[in-house]
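This report is written for a reader who meets the structure here for the first time. Please keep the sequence and the model in view while reading.

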Amino acid sequence: MVHKRWFQVMIFFVLLFLLVLLISQTTFIFFPAIKIFGAVAFPIIGAGILYYLTKPVMHFLEKRKVPRILSIILVFLLIILVLFLFVMFIWPIVRDQVTNLVDSIPSMIKMVESFINYWQANYTAIPDQVVTAINDFVNNLPTTIENTVEYLFGFIGVLIGQVISIVAGVVLIPFFLFFMLKDGEKLVPFITQTFSEKKAKNISSLLHKIDHVLSSFIQGQLLVSFVVGILLLIGYLIIGLDYALALSLFGMMTNVIPYLGPFLAVAPALLVGVFQDPMNLLWVSIIMIAAQQFESNLISPNVMGQALSLHPLTIITVILAAGSIAGFIGILFAVPFYAVLRTIIVHFYDTYVDSKKDKDDALI
């Protein structure tokens, strides 16, 4: 019996390997489909995120006897109001702070050069290797800055080249969102209508689990990031840190990346703080640690609960692997993708176990 199971496992992996090999040899078939999906991925993902954020508002209005179409219109008006308030009151301040920060970069570089020169002039006991490394760094600094600027301009050029597709995607997002809110609950019955009653219930259960995982992650992670951003803003304002709103907004955006986000969020704040006052290195670290402790011990457990049930080491491994494969996009979507994949695998395994008792429970 044991040998038979091992044989079945070996057959499974052989078939899996052959499937991967077949796909790798027939990429010309899948490439057009990938291109088509890439063209509509941005509006679909954007609308999906807004769908999970606004669906609770729509359901809240429906419970108050508001018709669905009117609820959707009110949701759109709420989105427009939030965007209007951001553009009118927050964006001008952030824009000015970012501009001032960019303008201050040359003076920061001069401060670093002055510090290095002072250190070289007053501390003769520095090993020759360290002095050589410092001199190389100072000599290569203009070239490094020039290469960085060229890279940024190249990135901007690529971004400008994609403006049309980005604008088209942004224009399509409201249409996708409208139909998601209006007909999203009809998707599960549409998919399961061709299956038998028992299999339809099984598939419906799987789809609801996936919906619950995505809802928990998107709503929870964005709410957590918003709260962390507010806490960072309060802390930065208390210590008088320059560019507080821009830095806290950057921290809010990077915090959507689990575990790695806080380290990305604190890096520019530490750099700005140390040039303003060396003591800010300590204060900014304390603010970030306090915000993260408050988030990890109070907010995240109550917002996300145990919906994802992912170990921190697993999340870090998944993020690093996804980042090496797909860059920043992979880092951003690694955790929800893994959570959904894990949900599907666990569900199919549970179904497989149940099918041992009753073959009618098997999906295949």
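## Burial and surface

Of the 364 residues of the protein, 28% count as buried, where buried means under 20% relative accessible area, exposed means over 50%, and partly exposed lies in between, with a 1.4 Å probe and protein chains only. This is a predicted model, in which local features need pLDDT of at least 70 and side-chain atom pairs count only at pLDDT 80 or more, whereas totals for chains, interfaces and linings use all residues. Residues are numbered from 1 along each chain as its sequence is written, and side-chain values use heavy atoms, with hydrogens and water left out.

The protein exposes about 24400 Å², and carbon and sulfur atoms supply 75% of this area, which comes from the Shrake-Rupley method with a 1.4 Å probe.

## Helices and contacts

The protein has twelve helices and zero strands; helices (H or I, at least four residues) and strands (E, at least two) are DSSP runs, numbered from the N terminus. Among contacts between residues at least 6 apart in sequence, 69% join residues at least 24 apart, a contact being heavy atoms within 4.5 Å.

## A nonpolar patch

On the surface, a nonpolar patch with about 1000 Å² of accessible area together is formed by residues including Leu78, Leu85, Phe89 and Trp91. Patches are made of residues with over 30% relative accessible area and no salt bridge, like charges being joined within 9 Å and nonpolar side chains (Val, Leu, Ile, Met, Phe, Trp, Tyr) within 5 Å; a salt bridge is a side-chain nitrogen of Lys or Arg within 4 Å of a carboxyl oxygen of Asp or Glu.

One of the patch residues, Leu85, lies in helix H3, which covers residues 68-103, and Leu85 is partly exposed because its relative accessible area is 38%.

## Gln221 in helix H8

Gln221 has its place in helix H8, residues 197-239, and counts as buried because its relative accessible area is 9%. The side chain of Gln221 reaches the backbone oxygen of Asn255 at 2.9 Å.

## Aromatic pairs

The structure holds two aromatic pairs. Tyr51 and Tyr52 form an edge-to-face pair, 5.2 Å centre to centre with 70 degrees between the planes; rings of Phe, Tyr and Trp (its six-membered ring) pair if their centres lie within 6.5 Å, and planes under 30 degrees apart count as stacked, over 60 as edge-to-face and the rest as tilted. Tyr51 is buried at 10% relative accessibility, and Tyr52 is buried at 10%.

The rings of Phe178 and Phe179 have their centres 5.3 Å apart and their planes at 85 degrees, so this pair is edge-to-face. Phe178 is partly exposed at 26% relative accessibility, and Phe179 is partly exposed at 49%.

Terms used
Polar contact = N/O pair within 3.5 Å; in protein donor to acceptor, adjacent residues only side chain to side chain.
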